[in-house]
Amino acid sequence: MTNRQLYDKVSFGAAAMVTKKYSSSFSRSILFLSPEIRRNIYNIYGFVRLADEIADTFHIPQKEEMFNEFCQEYQHSLQRGISTNPIIHAFIVTQQKYAIPQHLVDSFLHSMRMDLGDMQHLTGQKYREYIYGSAEVVGLMCLVVFVRGDQDKYQQLKPYAQSLGAAFQKVNFLRDLQADYSQLNRSYFPGIDFDQFTDTDKIQIEREIQNDFDHAIQGIRQLPIDSRYAVYLAYKYYNRLLSKIKKRTPHHIQHHRVRVNNFEKVVLFSKVMVYKTIKITK
């Protein structure tokens with residue numbers, strides 16, 4: 001193993017650790033991926049997680065300065081092909097290996113920058129712009145890896161990947177409503193007054209999310225076998241989370257974070273494992 005290969009391995013390990021520590025549910029889904037695909041999805045998640053943490057967690061006056069430094073390091077490292085930041089380095093390796101389009105990464109960073117500013121009273125256009133950059137393009141980056149750069153397959157599945165990414169993000173918005181609105185002063189859904197959050201408002205949002213899920217499942221069924229069940233498990237997890245949210249009142253959503261408990265996660269994992277085994281052996 002060369003020194004460069006060792007550094008790549010260390011960087012990939014850092015990205016995997018970030019994924020496992022920040023999202024146990026996502027990490028569980030990733031276990032269904034083939035080892036090569038799994039490693040590169042870790043690299044993507046580590047990068048987007050780190051950028052998101054700057055926007056959401058690092059509450060210091062220099063937050064924007066930190067985000068600028070992160071973006072500058074990414075740009076410089078993209079030209080060099082290496083970074084001393086192992087998370088950025090791991091992502092660059094994956095981006096270059098699979099030729100992940102630059103406009104997807106740029107759109108993601110643009111949405112993260114939006115979170116540094118005023119996120120109250122978004123217009124419909126700004127809402128769609130944010131959803132695209134914060135969620136849909138992440139799904140598209142993963143899709144490039146899932147289809148191993150096959151452009152025909154990518155174009156075929158692109159709309160479904162966008163719908164799934166959008167559904168995941170909107171569920172997160174509802175789940176994290178209390179923290180986003182009360183602590184971060186963010187209100188993502190346009191035309192909704194969360195000081196007067198009604199059943200009608202909640203149902204409207206839930207229907208929008210359900211439409212995204214109903215469209216996305218059509219594409220999940222067409223994914224390559226070595227990524228299909230990982231994505232399906234994530235789909236089932238978020239569907240379960242949406243089902244629990246639907247049963248809660250607007251007041252509950254405003255004051256409590258809805259969760260899928262560990263037992264439910266294990267049950268979902270086991271069901272998908274059985275389903276995968278039956279399908280493959282047929």
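**Helix packing, cores and selected residues**

Q: How do helix H3 (residues 35-56) and helix H6 (residues 102-114) pack?
A: In this predicted model, the axes of the two helices are 10 Å apart and form an angle of about 20 degrees.

Q: What makes H3 roughly parallel to H6?
A: The angle between H3 and H6 is about 20 degrees. Angles under 35 degrees count as roughly parallel, so H3 is roughly parallel to H6.

Q: In which hand does H3 pass H6?
A: The crossing of H3 and H6 is right-handed.

Q: Which residues of H3 and H6 meet?
A: From H3 come Phe47, Val48, Ala51, Asp52 and Ala55, and they meet Val105, Phe108, Leu109 and Met112 of H6.

Q: Which residues have the most contacts inside the largest nonpolar core?
A: They are Ile41, Phe47, Phe108, Leu109, Met141 and Phe213, in a core of 81 residues. Helix H7 (residues 124-146) gives the most to this core, with 12 residues. A second, separate core has seven residues, among them Ala14, Ile87, Ala90 and Val93.

Q: What does Phe213 touch, not counting residues up to four places away in sequence?
A: Phe213 touches Leu164, Ala167, Phe168, Val171, Tyr235, Tyr238, Asn239 and Leu242.

Q: Why does Gln95 count as buried?
A: Gln95 has 5% relative accessibility. The cut-off for buried is under 20%, so Gln95 counts as buried. Gln95 lies in helix H5 (residues 86-98). Leaving aside residues up to four places away in sequence, Gln95 touches Tyr74, Leu78, Ile100, Gln102 and Val105.

Q: How do you know that the side chains of Gln95 and Gln102 make a polar contact?
A: The distance for this pair is 2.9 Å. A polar contact needs N or O atoms within 3.5 Å, and the Gln95 side chain makes such a contact with that of Gln102.

Q: Why is Ala99 called exposed?
A: The relative accessible area of Ala99 is 57%. Exposed means over 50%, so Ala99 is exposed. Ala99 sits in the loop between H5 and H6, and its phi is positive, about 55 degrees, although Ala99 is not a glycine.

Q: Why does Arg148 count as partly exposed?
A: Arg148 has 46% relative accessibility. Buried is under 20% and exposed is over 50%, so Arg148, in between, counts as partly exposed. Its place is in the loop between H7 and helix H8 (151-175). Arg148, a residue other than glycine, has a positive phi near 55 degrees.

Q: What makes Asp176 count as buried?
A: Asp176 has 16% relative accessibility. That value is under the 20% cut-off, so Asp176 counts as buried. Asp176 lies in the loop between H8 and helix H9 (177-183).

Q: With which side chain does Asp176 make a polar contact of 2.8 Å?
A: The partner is the side chain of Arg257. A polar contact of 3.0 Å also joins the side chains of Asp176 and Arg175.

Q: Why is Lys126 called partly exposed?
A: Lys126, in helix H7, has a relative accessible area of 38%.

Definitions and conventions: Residues numbered from 1 in each chain as written. Predicted model: local features only at pLDDT ≥ 70, side-chain atom pairs only at ≥ 80, totals over all residues. Heavy atoms only, no water. Core = buried A, V, L, I, M, F, W, Y, C linked by side-chain atoms within 4.5 Å. Buried < 20%, exposed > 50% of the residue type's maximum accessible area, 1.4 Å probe, protein only. Helix = DSSP H or I, 4+ residues; strand = E, 2+ residues; numbered from the N terminus. Contact = heavy atoms within 4.5 Å. Polar contact = N/O pair within 3.5 Å; in protein donor to acceptor, adjacent residues only side chain to side chain. Axes fitted to C-alpha atoms, helices over the stretch in contact; angles between N-to-C directions. Parallel < 35°, antiparallel > 145°, perpendicular 65-115°, else oblique. Left-handed = near helix turned anticlockwise from the far one by under 90°.
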